[in-house]
Every structure is written in C-alpha cells, then in structure tokens.
Amino acid sequence: MIEFKNVDFSYGDRPIIKDVSFRIEEQESVAIMGPSGSGKSTILRLILGLECPQRGDIIIDGQNVCRMKERQKQEIRKKIGMVFQDGALFDSLSVWENVGYYLLEHTRMSPDEIGERAIQMLGFVGLDADEIVYKLPEHLSGGMQRRVAIGRALLSTDPKIMLYDEPTTGLDPQATENVITLINKLHSEKTISSIVVTHQIADALAIASRFIVISDGELVFSGDLDQLRECRDTQVLLFLAPFRLSVAEVEKKKFLDR
Amino acid sequence: MPVIRLINGWLKHFAYESQSLFFFSLKMVRGIFGRPLYLVETREQMYLIGIGSLYLVVLTGIFAGQGFALAFSVELADFGAKNYLGRIMAISIVRELGPVLTGLMIAARVAAGITAEIGAMKSSNQIDAMTAFGIDPIRKIAVPRLISLLVMVPALTVICDAIAIFGGYIIAIFIAHVTSTMYWSAVHERLIFGNIFIGLFKPVIYSMIIAFVSCYKGFGSEGGTKGVGRATTESVVLSSITILVANFFITKVVFAFIKGYL
C-alpha cells in the first residue's frame with residue numbers, strides 16, 4: 001500500500017508537487033495522468049525515495065519513506081520495480097548483463113546461472129533471447145528496450161509494486177500494444193500492483209482500473225473510469241478533451257456506418 | 001544596486017558550490033575505506049587512465065624536456081655554466097614541470113571523459129536506475145576513478161619526469177655538448193629526498209582535484225546533452241585552474257616545511 005499525505009515538493013524555488021494526497025491499495029492498477037511537466041514522474045521518484053518532499057509523508061507498507069536513511073530506503077526499494085522513461089538501460093552492458101544486473105551486484109550467483117535466469121526472463125517479456133542476449137542496448141528498438149527494462153526490474157527483487165514512467169511514449173502502435181499486454185500480464189499473472197505514469201490517455205485506459213490526474217503539480221482527480229467520465233473539473237476536461245474528440249469521431253463513424 | 005546584487009548572487013553561488021563539492025569529496029574519500037569496493041571497475045579505470053594517457057604523457061615529457069633544456073642551455077652557456085644543465089633539469093622537472101604538466105594533461109583528457117560519461121549516465125537516468133537497484137553510484141562510479149587516479153597520476157608523473165630528463169639529455173649531448181657523465185651526475189646530485197617528495201606529493205593532490213571536480217561536475221550536470229557539454233568544459237577548466245593554484249601553494253607550504261632537505 002502506498003499513501004501520499006499532503007506532499008509538497010519543489011526544485012529550488014520551483015514548486016513541482018503541491019499538497020498531493022492519495023492512496024494506492026495492494027494489487028491495484030493505477031494510471032497517473034496529466035500533461036507534460038505536470039509533476040507525474042516526480043511522484044514516482046518520490047515513491048522510490050530518489051527525492052525527498054519538503055512537506056508531507058509518503059507511507060509505503062506502513063513505513064514513512066521520508067524519514068528513512070538511505071540503507072532503510074534500500075529495503076523498501078526491494079519491493080518496488082521501476083521502469084524508467086526510455087528504459088535507462090546501462091549502455092556499456094549487454095542485454096543479459098542489464099537484465100541480471102541486480103543479481104550480478106547483490107548475489108554470489110555465477111554469471112552462467114544469472115545468464116540462464118536472464119534468458120528465461122527475456123522469454124517471459126516476449127523477446128527472442130538468442131537473438132539479443134549479447135547485444136548492447138543501443139542495438140535494440142525502443143519497444144525492445146522497454147521490455148528489457150521491465151525484465152530487469154522483475155529479475156531484481158521479485159517486486160510487489162511496479163512503477164512505469166511513460167512506458168509507451170515514442171513507441172510505434174505494435175510496440176505499444178506489446179508493452180501494454182506485458183504490463184497487464186504482470187498485473188494479472190504475478191499479482192503485482194502497477195503504477196503507470198503517462199500522458200497517453202488510451203494507454204492509461206488499457207492498463208489501469210483507477211486514474212489520478214495531476215495538473216500543474218496539483219491532484220485534480222482520483223477515481224475509476226465511471227467517475228472520470230462524470231468528472232466536470234475544468235483541468236480534467238481540458239486534459240481529456242483531445243481524447244474525447246477522437247473517441248467521438250470513432251463513435252460517429254461507427255454510427256454512420258450502421 | 002544591480003552590481004552589488006550580482007556580486008552577492010555570485011558569492012552565494014560560489015559558497016554553495018564549494019560546500020557541495022566539499023561534502024561530495026568527503027563521500028568519495030569515505031567510499032575508499034568502506035564496502036563494497038568495486039575492484040573490477042577500479043582495474044578497468046586504472047587501465048583507461050594509466051595506459052590510455054601514456055602516449056600523451058610521453059609526448060608531453062619528451063618535448064617539454066627538450067624545449068626546457070634548449071632554452072636553459074643557451075642561457076647557461078653565456079655564463080659558462082652548461083655543466084649545471086642536469087641540476088636545473090632535475091630540480092625543475094621533478095619538482096615543478098613534471099607534476100604540473102602531467103596534472104594538466106590528465107585533467108584535459110581524463111576529467112573531460114569522466115564528467116561526460118557520468119553526465120550522460122545521469123541524463124539517461126542510469127544513475128537513478130543504479131540507486132533504485134540498491135547500488136550507491138558514488139561508490140560504484142566515483143570511487144574507482146578516485147583510486148585509479150591516486151595510483152596512476154603519480155606513476156605517470158614519474159614516467160613524464162624520466163622522459164623529460166631524458167629529453168634534456170639529448171639536448172645536452174647533441175646541442176649543448178655537455179658530456180653524458182656530467183649531465184647524469186648533475187641530475188643524480190639533485191635527485192634527493194626533498195625534491196622527490198614534492199614531485200610525488202603534488203600528483204597525489206592533483207589526482208584528488210581531478211577526481212573530485214570531474215565526478216562532482218558529472219553528477220551535478222543538468223539539462224541534457226547541452227548540460228553535459230557545459231559540465232565537461234567547466235570540469236576541465238576548474239581542474240586545470242585548481243591544479244595551477246594548488247601547485248603554487250604546495251610549493252610554498254612544502255618548501256617551508258622541508259627546506260632543510262632540499
């Protein structure tokens with residue numbers, strides 16, 4: 001369980017997150033949406049303890065991350081897998097070394113054993129391990145890099161929560177579909193909570209059962225799809241307007257085709 | 001007054017940066033004595049810094065030594081004191097020129113590389129990914145570079161000194177017409193504890209300056225590729241200037257303490 005209580009965060013004088021409070025239950029699938037620069041990714045960084053809020057509390061499984069020392073934060077991070085924007089794969093390491101990074105650094109397992117597990121994981125995330133296992137990340141497509149990043153996060157500590165920062169941004173429709181399918185598969189098969197930060201509304205709808213909308217650092221909406229449909233908040237309506245228009249176009253076309 | 005406000009802002013920024021650099025350096029030094037120690041990365045960095053900079057140091061040493069010997073041999077000839085060329089070469093190269101030239105060359109080559117590499121890792125979130133996987137990026141990235149520089153800069157300085165003195169020997173023999181025995185005995189005469197101590201103490205300080213500044217600038221870089229470029233330039237400029245300033249103060253302080261051994 002993750003809970004934000006009146007969290008304020010700023011970079012220098014620039015406020016990023018303003019008095020944000022929400023709660024995410026175990027095994028929930030939540031999308032944090034909002035326009036670019038609204039502070040969505042910062043929320044993930046705060047959950048991971050990479051940043052500390054100036055005010056408020058962040059509670060993960062009953063423990064306040066804000067008051068923890070770095071060593072204690074590491075224990076919390078073991079429960080969390082993070083897929084950074086663009087994957088953030090280590091560019092000097094091969095694909096298998098990236099996927100097995102945590103095991104290489106924190107365990108005494110042999111490289112052969114780690115390689116085996118990395119290959120299994122690559123298979124799980126839908127990649128042809130034989131083809132890419134020794135390649136460097138720069139030789140992979142954007143979609144493949146995201147899936148390798150998901151594999152890396154999964155092989156790290158068997159996480160209970162997965163954080164995805166813009167997992168589909170910049171991908172073609174096929175790669176986007178693959179990544180969404182993988183996120184949903186993880187959520188259902190491994191019963192992992194998913195927190196997805198995105199500004200792609202269609203992708204958020206395909207992944208999440210609950211939605212949080214952030215605008216200019218403030219939480220302007222939190223609720224399920226029905227509540228989102230009914231929401232009349234100006235910021236939410238503005239954010240959803242382009243998507244609603246495109247949906248309306250599709251509906252109109254369907255109606256006319258009938 | 002806008003000028004006073006500007007100076008005030010600049011001073012505040014300077015104080016803040018100095019403080020941040022100090023605490024960052026402290027973390028790096030603490031990392032040397034803590035666990036885990038990344039030996040594979042350290043060995044790799046030693047190779048990259050040491051072997052990778054060898055050609056640069058050799059070229060710098062040979063030409064600097066020859067140029068220096070050439071200029072001095074002409075001046076000494078006017079006083080009939082060409083036999084002192086070896087003494088002057090030994091003192092100036094071992095105590096001053098060798099450490100400073102090596103420090104500046106390493107600052108230009110290695111500091112730029114370190115800052116650019118760490119900056120690129122930061123802008124692509126690799127540093128954050130490392131932290132998320134429970135790895136301290138300072139221990140993993142910065143400490144191996146500090147240890148490698150601490151070992152390699154003094155070693156490269158010794159090589160630079162030897163090559164520069166040999167460069168002076170070529171000039172002494174073929175241009176200044178000083179006998180080989182005369183040159184080497186004069187060199188040997190001045191290779192005493194005090195000079196060798198200063199010559200090896202300075203590179204240790206320079207290696208720390210290069211490591212602290214370049215890693216600090218790399219970890220602090222912001223603003224994507226443009227920010228990495230800016231940080232790299234700042235890293236080279238700041239390390240080079242600090243080396244030159246430190247050189248003066250080390251000479252002054254050390255000279256005062258071990259005057260009797262010189």
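**Exercise 1.** In chain B, the axes of helix α3 (residues 85–123) and helix α6 (residues 180–190) come within 7 Å and cross at roughly 40 degrees. Work out how the two helices are oriented to each other, and which residues of α3(B) and α6(B) make the contact.

*Solution.* Before you start, remember that this is a predicted model: local features need pLDDT of at least 70, side-chain atom pairs need 80 or more, and totals for chains, interfaces and linings use all residues. Residues count from 1 along each chain as its sequence is written, while chains are lettered from A and ligands numbered from 1 in the order written.

Step 1: Check the terms. Helices (H or I, at least four residues) and strands (E, at least two) are DSSP runs, numbered from the N terminus. Axes are lines fitted to C-alpha atoms, for helices over the stretch in contact, with angles from 0 to 180 degrees between N-to-C directions.

Step 2: Classify the angle. Under 35 degrees is roughly parallel, over 145 roughly antiparallel, 65 to 115 roughly perpendicular and the rest oblique. So α3(B) and α6(B) are oblique to each other.

Step 3: Find the residues in contact (C-beta atoms, placed from the backbone, within 7 Å). Helix α3(B) brings B:Leu85, B:Gly86, B:Arg87, B:Met89, B:Ala90 and B:Ile91. From α6(B) come B:Met182, B:Tyr183, B:Trp184, B:Ala186, B:Val187, B:Glu189 and B:Arg190.

Step 4: Sort them. Ala, Val, Leu, Ile, Met, Phe, Trp, Tyr, Cys and Pro are nonpolar, Asp, Glu, Lys and Arg charged, and the others, Gly among them, polar. That gives nine nonpolar, one polar and three charged residues for the contact of α3(B) with α6(B).

**Exercise 2.** Now try helix α2 (residues 39–78) and helix α5 (residues 137–174) of chain B: at what angle do they pack?

*Solution.* Step 1: The angle between α2(B) and α5(B) is about 25 degrees, and their axes are 6 Å apart. Step 2: That makes α2(B) and α5(B) roughly parallel to each other. Step 3: Their contact has 26 nonpolar, twelve polar and three charged residues.

**Exercise 3.** Zoom out: how many helices and strands does chain B have?

*Solution.* Step 1: Count eight helices and zero strands in chain B. From the N terminus on, the chain B pattern reads α-α-α-α-α-α-α-α. Step 2: Box it in. Along the principal axes, the C-alpha atoms of chain B fill roughly 65 × 55 × 35 Å. Step 3: Look at the contacts in chain B between residues at least 6 apart in sequence: 89% of them join residues at least 24 apart.

**Exercise 4.** Over to chain A: in what order do the strands of its open six-stranded sheet run?

*Solution.* Step 1: Two strands pair if DSSP finds at least two bridges between them. The order in chain A is β6-β7-β8-β3-β9-β10, with mixed pairing. Step 2: Find the edges. Strands β6 (80–83) and β10 (218–224) of chain A each pair on one side only. From one strand to the next, the twist averages 15 degrees. Step 3: Pick one pair. In chain A, β3 (residues 29–33) and β8 (residues 193–198) run parallel and share five bridges, and A:Ala31 stands opposite A:Val196 of β8(A).

**Exercise 5.** Which strands of chain A form a hairpin with two residues between them?

*Solution.* Step 1: The hairpin is β1(A) plus β2(A), and A:Gly12 in the turn has a positive phi of about 65 degrees. Step 2: β1 (residues 2–11) and β2 (residues 14–24) of chain A pair antiparallel over seven bridges, with A:Phe9 opposite A:Ile17 of β2(A). Step 3: β1(A) also runs antiparallel to β4 (residues 55–60) of chain A, joined by five bridges; here A:Phe4 stands opposite A:Ile58.
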